[in-house]
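User: Could you take a close look at one part of this structure for me? I'm new to this, so please spell out the terms as you go.

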Amino acid sequence: MTDLLPREELAVDVTEAAVRLLGCTVVADVPEGPVAVRLVEVEAYRGRDDPASHSYRGRTPRNAVMFGPAGHLYVYFVYGMHFCANVTALDDGEAGAVLLRAGEVVSDLGVARVRRPTARRDDDLARGPARLASLLGLGREHNGVDVTDPASPVRVLDAPPVAPALVRTGPRVGVAAAHELSWRFWVDGSAAVSPYRPGRGAPGTRSGRAK
């Protein structure tokens with residue numbers, strides 16, 4: 001069995017944790033069988049100095065997991081339609097998490113297609129945070145789950161770090177606040193990486209002005 005990613009490798013700054021998660025595999029136990037994706041795109045969010053983060057204005061019942069120990073899932077509902085999942089980073093008491101944006105399916109494709117029947121291509125099965133969470137069956141009941149625990153229903157498996165020459169970085173998708181931060185990281189050449197879209201009000205959009 002592949003070892004789990006150690007908690008201490010996530011108890012670092014969010015940008016370091018984001019890069020470390022690239023290439024790791026997330027495994028979830030779903031009714032159809034285990035589903036696994038290799039992470040190829042992530043985004044870092046920090047609390048104390050990141051106005052785009054859910055934790056920027058302090059602890060709330062919704063974001064409390066972000067302030068807890070590293071290595072736990074922070075799952076939230078967005079647009080009244082979708083769940084998205086993050087893995088917490090930094091030390092206990094410091095808010096930070098890494099959004100899981102996209103992955104390549106490395107488990108049974110038949111099971112994955114049953115779970116995501118509307119996907120037109122295999123590359124689309126976990127392309128984007130909502131699709132990834134849907135494929136892995138992640139919902140409110142997984143908020144706070146420890147992904148470093150072998151008994152957890154969702155686990156992150158260790159993998160060698162992606163070669164620095166293959167790691168690309170750029171602005172986060174759909175973010176207007178702190179849009180200048182290049183805190184999205186992805187594996188160059190992966191067809192599962194999602195397209196970039198600026199947030200409303202960010203430079204490059206109709207409601208924003210370029211500097």
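Analyst: Let's start with D146: its side chain and that of T148 are joined by a polar contact of 2.7 Å. (A polar contact is a pair of N or O atoms within 3.5 Å; within protein, one must be able to donate a hydrogen and the other to accept it, and residues adjacent in sequence count only if both atoms are side-chain atoms.) Before going on, a word on the source: this is a predicted model, where local features need pLDDT of at least 70 and side-chain atom pairs count only at pLDDT 80 or more, while totals for chains, interfaces and linings use all residues. Residues are numbered from 1 along each chain as its sequence is written, and side-chain values use heavy atoms, with hydrogens and water left out.

So where does D146 sit? You'll find D146 in the loop between α3 (129–135) and β6 (154–157); helices (H or I, at least four residues) and strands (E, at least two) are DSSP runs, numbered from the N terminus. D146 counts as buried because its relative accessibility is 18%, and buried means under 20% relative accessible area, exposed over 50%, partly exposed in between (1.4 Å probe, protein chains only).

Who are its partners? Setting aside neighbours within four places in sequence, D146 touches R7, G71, H72, S152 and V154, where contact means heavy atoms within 4.5 Å. G58 makes a handy reference point: D146 and G58 are 88 residues apart in sequence and, C-alpha to C-alpha, 22 Å apart in space.
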